[in-house]
Amino acid sequence: MNQMPARAATTIRRRLSNAVHPLSDLEAWNRVLRRIDPMWSLTGIRARVVERVDESADTLSLWLKPNRRWRGHSAGQHIELSVEIEGVRRRRVFSLSNAAGSNRLLRITLQRQAAGGVTDWLHANARQGLVVEISQASGDFVLPSPAPEPLLMIAGGSGVTPLLAMLHSLADNASTTDIRLFQLFRQPDQRLFAKELVALSQRLPGLRVHAHCSADQGRLSAEDIAECVDDMALRHTLLCGPEGLMADVADCWRRLGVEDRLRTERFSAPRPAAGSGAASSVHAVKSEQMFTQAPGLTLLESAEAAGLQPKFGCRAGLCRTCLCRKRSGRVRNLVTGLVSSQPDEWLQLCISVAESDLELSL
Amino acid sequence: MTAFSRTIDPTSAMATNAGSRRLDAPDLDRLADELDAIRTEVTADLGERDARHIRRMVDRAQASAIAGRGLLMFGWGPISWGVGVIALAHAKILENMEIGHNVMHGQYDWMDDPSLCSQSYDWDIVCAREHWINSHNVEHHSHTNILGKDHDYGYGMLRLAPEQRWHPATLLQPLWYFLLAILFQWGVAIHDIKLGRFFKGRMTRAELKQRSRPFLSKAARQLFKDYVFFPALAFWQWPRVLLGNLCANLIRNLWTNAIIFCGHFTEHAQTFTRDGTRNESRGAWYLRQIQGSSNLEGGRWFHVLSGHLSHQIEHHLFPDMPAPRYAEIAPRVREICERYGIHYNSAGFWRQYASVLKRIVVHAWPTRSPHTAPA
């Protein structure tokens, strides 16, 4: 019903914008505005680092103050942050670790990763006053609504960040929900937010935190967690952590028959199983190139290995920057496990593997 | 049929090949390896200074456009008008040559900046981006100077080599060239529609309509901008703005035309035949790019205003390398050419341009190739 007027409005807007070009060139205005104040932009969200907190040797938190284009977030959601490193724009997704407050401040916590990447660059360069570009918050890893039932939170390493945001949000609402948080980390000095969790326990009467250091206490399996929790069937599970832990818990919960009460947030794309299936040949139509997708590589990695430069963002199936039209062939999504076999479907290169020979609009 | 047809005279098989010694296949492979090594080295070194350069150019073009349009709209008297015209022409030249042409080659795609991406950039000229990418990036850059395949060779209206067929109307080609030079952006814009095919009955009217669509919409936008919208914004000063925009476009046309004609039509720039280039190796492709192109010598500002097409040879070897790098690698390319005995065609602007004009005048007459001339 609404589609026709909406389309007409878009056409009119485009015509108008074309007519008054270059006055309608937002990028050109942005360049002028940026000279006056780096926070000003007509299109993007720019955020200033207002505080840097070093949480541990390789982890730091940044408090960001976004400009007025920021539309707020729900606890548990993530943003994509982009910075320019050696002339190249690089993006990475970070969970927000604070509740959606009224002071419009955002906190991200980042662990130093591979050299040359965004986290490494921020560790070296983030200080008060640095201005970065961020996206609006997105993601459906949020607290169940309406009002939460008893919760079970499982956090591996820096996967604690979105869960921390949820705890802050619950505390702000004076929630009395029963919450069990399992915080898993490798080395004793890698435990994040110990003090903050103590403070949160005082505000949340129902919160019980189990800190588990695998170097000292050995690996904690999903079964171990399930055994510790007696009312598993009642609890809603929120899980965020490294791939191994996620797979382990998902598996165990499936066996217990409670997988429909499990919500997860991925930080990294699931790996395609090495050696599974045969190599598929991919025809990149736009660039007129053929490349082979070897078993164990995603389509994005295979395309890059062949010298193509598809756009990408998070490389974890979140941001959809690498969205690409598939003309024909069968593709499996590693996150959802869904197989796309119809012609002309969209796929995310970073989390897709070919199951047959393909034709991509690349 | 008309002076606009440019077909190959089948009687002349060989293209000019003067000034270089013959290279055999292993030589060409080594040549390719040496040139590839330069590319690899530069690609690995791309970084902040390249990003800084293109952003500085974008800022400079924008500031110059604002100043130029501002002076034309709000200025008073002939001096501000003249300065306004020059500033606007400078902005258009910089935008077309150093920014638009180079960005659309994908020279800055590695930055992953959406405003500098070859897939979306559109420039301040009547030529539609999709037409340009096909006729320039695809056809001209792969088939450089192959008669009958590189439609940029003579732009379908000029006879620049004896192998091209002569027609009595070719006698008027200095006049055609003059018209092309002052209307150059329009020549470039309709180039990829391939009107010649339509006139020869090799394209249906429907296909012509389809092919013209991007051009018509782009042309309408550009005409509206320069000759309706900005004059109207100036109220009673509109004649000043309209005339100023016309002059700025004219200056840009003359400059870009002169630079571009010096790229492949100078005295020693060679031509090639379809047969001679069938199944050519990568080394032979490189060799053709060098032999078919010519460089211009000048200062830094000259290179920037030419969009670094003054380094046409380096540009044709590595079309997607950020242009300021051409100046840096030029001495090495030249040294390689000397070692392989390949003529490196480089001279000052006036000398090269004079040789282009000479070629246009000489081949207006029914010249014959030295290879086919009876002994």
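**Close-up views of a two-chain predicted model**

**View 1. A:Thr119 sits in helix 3 of chain A.** Helices (H or I, at least four residues) and strands (E, at least two) are DSSP runs, numbered from the N terminus. This is a predicted model: local features need pLDDT of at least 70, side-chain atom pairs count only at pLDDT 80 or more, and totals for chains, interfaces and linings use all residues. Residues are numbered from 1 along each chain as its sequence is written, chains are lettered from A and ligands numbered from 1 in the order in which they are written, and side-chain values use heavy atoms, with hydrogens and water left out. A:Thr119 is buried, at a relative accessible area of 2%. Buried means under 20% relative accessible area, exposed over 50%, partly exposed in between (1.4 Å probe, protein chains only). Leaving aside residues up to four places away in sequence, A:Thr119 touches A:Arg92, A:Phe94, A:Leu110, A:Gln111, A:Arg112 and A:Gln113. Contact means heavy atoms within 4.5 Å.

View 2. A:Lys65 is partly exposed, with a relative accessible area of 38%.

**View 3. Chain B meets chain A.** The contact involves 19 residues of chain B and 19 residues of chain A. About 1700 Å² is buried between the chains, and carbon and sulfur atoms give 51% of this area. On the chain B side, B:Gln62, B:Asp112 and B:Phe229 lose the most area to chain A, together 29% of what that side buries. Buried area is the accessible area (1.4 Å probe) that two parts lose on being put together, summed over both.

**View 4. A:Glu84 and B:Arg55 form a salt bridge.** Their closest N and O atoms are 2.8 Å apart. There are 4 salt bridges between chain B and chain A. A salt bridge is a side-chain nitrogen of Lys or Arg within 4 Å of a carboxyl oxygen of Asp or Glu.

**View 5. Domains 2 and 3 of chain A have C-alpha centres 34 Å apart.** Chain A is divided into domain 1 (45-134), domain 2 (151-266) and domain 3 (280-360). These bounds come from an automatic or database domain assignment.
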